[in-house]
Amino acid sequence: MSAIAEEYTLSKSEKKKIIFLMCSVLLFSVMNGTMFMIAVPDIAKSFSLLPSQVSWVVTGYIILYAIGALMYGKLADIYPLKTLLTIGLSLFAAGSVFGFFAPTFLMVVIARLIQAMGASSILALAFIVPSRYFWDERGRVLGIVSSTMAFASGVGPVIGGFVAGALNWQFLFLISALVMITIPFFQIWIPEEEKKEGKVDILGAVFIAVAVADLILFITMFDWWYFVISIVFFGLFAWRISKSDIPFIRPDLFKNAPYRTTIIAGFFAIMTMMGLMFIMPLLLSEVNELNTLLIGLTLFPGAMVAAFMGRWAGLLTDRRGSNQVVFIAFALMITGFLLISTFTGGPAWLISTVLIITFIAFPFIQTSTANLISTVLPRNEIGVGMGIYNLVNFMSGAFGGAIIGKILDYDNDIKLNPFSIAQGNEIVYSNIFVGFVVLTILNGCFFYMSFRRKQY
């Protein structure tokens, strides 16, 4: 048994309690994001806002959520998880209560920022807990984590649409505030840990935070000044980690070839998966003319099946290794994207059915890549390694949405898929999924060439 496993020898009952707690708060964290995306039009109407103004409800949240995922990941290598989770959950609950009573749009944005500062701890630490307390069965636990995320992603829009329609969008804050109930249980059930040796390079943290924030602003607003500032601060961060005795991220982390390959392959895989999440509501609204609630219900079956399959993805990862599960995920993605491209323009029930295949790929790719990272990194670098992994996932999602948004600005009447039933303005959607197929094939080839002599 590993040193870490011996240090945290837990009974079956204790393990079940930790898994239940982490999945409960992860459910609130992920739902919080998807529910508010549905509510953006209602918020704009309440405060008479332009789209560019109300977008800060989502953009501001994403920026701090992405940065927080990296920061908490780094802190987890030094500070006890119980302490970090207590701080994060307290911030999440405080932001939720503040948002429910917020009288102005500025207060709503501030509430969302406070929420993000707390909610990011949940995402970051949910991927660290399996390698900290479940080393010998981390694939299974990561599968449960991915299942919870898939379930929350699917049920979030449905709950968000129902609550915002039946009551008011402010009650979405109240749902998230329920997370405060879990804080005492974390104090009781999470194992006691000692603070480890190490310090946080504050200047390096500031440099990377500003760089990431400006890069996300560039992606969402396409203002080149943000890109220039981002490049400058990434340069300052690179200089800082090369000179500091206690770098925020050790430079040799990126010299780890398996880790580097996993991060790159994960970036493009998650970019296509998040691109799918971005494009489907637009497609179902424009092509199938569905309202918000029906769009949520169309996506719901895929999310539920993905949630069920997540457990099997984890078990398969433990038994067969991460590499094989990555290739299974790629195969599911290629098949699903090709079918969606073919049937774009068809009835909503048909789209909902073929979406199930692609949705299943999500827990498979997420479980296998996260497990691979925890395998190829030294134990004392898993926290920051997972933090970078989560940050890259956010960046890939932002890139995917921005690129697809630009492609949809242009009409296209040339079918790339000869079997597609799409007509007129439906063709551009069909072609985007063909692009996803090509990108996934190239990504699979890159992953194979990198790992062809190694098995994890």
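Predicted model: local features only at pLDDT ≥ 70, side-chain atom pairs only at ≥ 80, totals over all residues.

Reader: How many residues of domain 2 and domain 3 are in contact?

Author: Six residues of domain 2 are in contact with seven residues of domain 3.

Reader: And what area do domain 2 and domain 3 bury between them?

Author: About 700 Å², and 90% of that is on carbon and sulfur atoms. The accessible area lost when parts come together is often used to give the size of an interface.

Reader: New topic, holes! How many cavities of 30 Å³ or more does the structure hold?

Author: It holds one. The volume of this largest cavity is about 40 Å³.

Reader: Which residues line the largest cavity?

Author: The lining is made up of Ile 18, Ile 19, Met 22, Ala 126, Val 129, Pro 130, Phe 134, Val 141 and Val 145. Helix H2 (12-47), helix H7 (129-133) and helix H8 (138-166) each give two or more residues to that lining.

Reader: Which element gives the largest share of the lining?

Author: That's H2, with three residues.

Reader: How many of the lining residues are nonpolar, polar or charged?

Author: Nine are nonpolar, while no polar and no charged residues are found in the lining of the largest cavity.

Reader: Is Thr 261 buried or exposed?

Author: Thr 261 counts as buried, because its relative accessibility is 9% and the cut-off for buried is under 20%.

Reader: So what does Thr 261 touch, not counting residues up to four places away in sequence?

Author: Thr 261 touches Phe 446, Phe 447, Ser 450 and Phe 451. Val 438 is 177 residues from Thr 261 in sequence, and 19 Å separate the two in space, C-alpha to C-alpha.

Reader: I also picked Leu 284. Which helix does it lie in?

Author: Leu 284 lies in helix H13. This residue is buried, with a relative accessible area of 0%.

Reader: What is Leu 284 in contact with, leaving aside neighbours within four places in sequence?

Author: Leu 284 is in contact with Glu 289, Leu 290, Ile 295, Thr 298, Leu 299 and Ile 351. As for Phe 436, it is 152 residues from Leu 284 in sequence and 18 Å away in space, C-alpha to C-alpha.

Reader: Glu 289 is on that list. What is its phi?

Author: Glu 289 has a positive phi of about 55°, although it is not a glycine. Most residues other than glycine have a negative phi.

Reader: Where is Glu 289, and is it buried or exposed?

Author: Glu 289 is in the loop between H13 and helix H14 (292-320). With 68% relative accessibility, Glu 289 counts as exposed.

Reader: Last one: what about Ser 48?

Author: Ser 48 is not a glycine, yet its phi is positive, at about 55°. You'll find Ser 48 in the loop between H2 and helix H3 (51-54). Ser 48 counts as exposed because its relative accessibility is 67%, and exposed means over 50%.

Definitions and conventions. Residues numbered from 1 in each chain as written. Heavy atoms only, no water. 1 Å grid on protein atoms, 1.4 Å probe; cavity = no way out; pocket = protein on both sides within 12 Å on 5 of 7 lines; lining within 4 Å. Points joined across faces, edges and corners; volume = space filled by probe spheres on them. Helix = DSSP H or I, 4+ residues; strand = E, 2+ residues; numbered from the N terminus. Nonpolar A, V, L, I, M, F, W, Y, C, P; charged D, E, K, R; others polar. Buried < 20%, exposed > 50% of the residue type's maximum accessible area, 1.4 Å probe, protein only. Contact = heavy atoms within 4.5 Å. Buried area = accessible area lost by both parts, 1.4 Å probe.
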